[in-house]
Amino acid sequence: MSDQDKVSIRKLPTGVPGLDEIMGGGLPEFSFNIIAGGPGCGKTTLAHQIVFANATPERPALYFTVLGEPAIKMLRYQQQYQFFDEAKLLNSIRFVNLSQVVLEKDLNAVLDEIVKEVEAANPAIVVVDSFRTVIRKTLASTGEWELQSFIQRLALHLASWQATTFLIGEYVPEEMANNPVFTVADGLFWLYQTVERNSVVRKLEVIKLRGQGTVPGLHTFRITDAGLQAFSRTLGLSGKRKVPAERCLSTGIPELDKMLSGGIPEGDSILVAGPSGTGKSILATQFMAEGIRRGERGIIAGFEERSQKYLVRAGNFGVDFGAAQKEGRLSMLSLRPLDLSVEETMQELVDAVNKIGAKRLVLDSLSGFEMALSPGFRQDFRESLYRLISALTGIGVTILSTVEVEDSFTAMPFSAYAVSFLSDDLIRLRYVSIKGELRKVLVIIKMRGGEHSKEIREYEITFAGLKIGKRLEEYQGLTTGVPVPYPESPEIRELPQEQANKKQG
Amino acid sequence: MMMNAATPRMRTFARWLIAREAAAGYPPEEKAQAAFRACEKLRQHLSTFAGVAGFRSLLSRALILAKAEVPWLSAVEVKADGSLAELGSLDTQHDMDEAEKGVVILLAQLLGLLVTFIGEALTLRLVQDVWPDAPSDVMDSGKEKKQ
């Protein structure tokens, strides 16, 4: 069958930011859906958002309440959300309480009542909240066959009347196998809420949605004054492929640019790893300041330092971050709460990138980013970070991330994270002990795109930023942090043999 | 201390509803009949939305609160379906002023409870579903707070 011959299924908006993308574009019109999950996970709020997003005077929404939350209390609470539009209540949304019918009569009477209201209102959206109570009552008094027949007739009637239907219920995943309602449903949306240590983690899953390519897996969501907001695992950037870099971006440190064979290839992810005090944030600020100086927009996501510190530091480099912020050329995000989900943090970054058209992004630091997350999300951190970096570099953003590593004096670890996944390029900063001084060296470990300097260069942190000095060619074992002079170095040549041997270990 | 839900504005609104019903065919001296009819109309509309039990509990609460101010309302009862028993005969048992006071307070308490739970805007919309010409300015938000 050609595409032209296929029926086109209209997709309705969910009214939930991020959820349409997860559902593969929206809710299929005339579908019969289940919204399932435990108490307090946001089922009713989700249904209300769908209702308010779609109800019109011509095609209103019918909201049947059954033995669950009393309608008056439901309205009391739901009107607190920003999506609640009281104007729609008068002519676009009709609440009908079915409790009496469910309590006193049988399933046929329930169906008759629903049919009567649907035929009278001609609704676009029908919600039964909670359908679980209908089923409980039914199973207590009649058999499973009757229930199956009821669901079949209900689904058939509502589809025939061109209504998109949502049955809400407090189900547990184990019920999925034996419950006929899950078989009949076109869409099954499951909301989860768990407490991990001191944080609440909310996730949703589109278990099935007939006829549509959904984004599989669990997606985090948040409930705020605005209602639900979902964060797709793909951050809305799936399918973007990285294009080869056409130019290099200056780091703002000329010597470092030379070591990088011209700078950081545009669209690369570069990791700056080093222990505390080695100037990672300074290097990051120089990278951003250089971008602003060249008219490239950027974002600094700071997880450890306050925006003010970057502002002051950039001022020392002769760049006014405050003015850049006011002009919309720079955005500084201070992300410090301890209950962030990876996806919502990443969504915030993606939104900020899209909003100002950022070409440079600083993540300072990955260690702080991980710490800012709710404990339950930390285990997903590496995978989520990989998705973020792939997604953003895919649209041409150059990302400089810093990461704190503890210096070992026997080896040189690059980072606690899987470096090859996270970065195209890697700069390592470290302390070395020379002549009773703790000095700093810098080395480029890798550049995926091509050639780079192999030199281990000493550097200093000055008022004007990192100042890269000469190669420490007289020493061996610099990567261990406790180098010793080479035999031919002047330092050793001028010493008596015994002392020279001792000095070389 | 819990605020009296039958605020002056709710009482004004209740008077308007009763007058509106009286104008629909009841003589001015039969205020209780008009109030009974107003309650019936509200019951039919709100029972669909809140359920019979939901409306019944609201009206029962309103009656209890109204009795504190008008003791003779003890003779009135809320039936299982949420309708009022005995209210219609009060016109013959009490003088016009007393009867009016009682039914106004009862209706005002009911409206006040709705406002407490769902706010003035939604209460007005529910009332306007039944009486589309119900004046919005009676419920004008914040007016009472400023007084």
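In chain A, 71% of the contacts between residues at least 6 apart in sequence join residues at least 24 apart. Two residues are in contact if their C-beta atoms, placed from the backbone, lie within 7 Å. This is a predicted model: local features need pLDDT of at least 70, side-chain atom pairs count only at pLDDT 80 or more, and totals for chains, interfaces and linings use all residues. Residues are numbered from 1 along each chain as its sequence is written, while chains are lettered from A and ligands numbered from 1 in the order in which they are written.

Chain A holds 20 helices and 24 strands (DSSP runs: helices are H or I with at least four residues, strands are E with at least two, numbered from the N terminus). Of its 505 residues, 45% count as buried (20 or more other C-beta atoms within 10 Å of the residue's own, with C-beta atoms placed from the backbone).

Helix α17 of chain A covers residues 381-394. Its buried residues include Leu385(A), Arg387(A), Leu388(A) and Ile389(A). Gly396(A) follows α17(A), with a positive phi near 90 degrees.

| Span of α17(A) | Value |
|---|---|
| First C-alpha to last | 19 Å |

The expected span is 1.5 Å times one less than the number of residues.

Now the interface. 15 residues of chain B are in contact with 15 residues of chain A. On the chain B side, α2 (31-50), α3 (52-67) and α5 (96-130) each give two or more residues. The largest share, 8 residues, comes from α5(B).

Methods
Buried ≥ 20, exposed ≤ 12 C-beta atoms within 10 Å, placed from the backbone.
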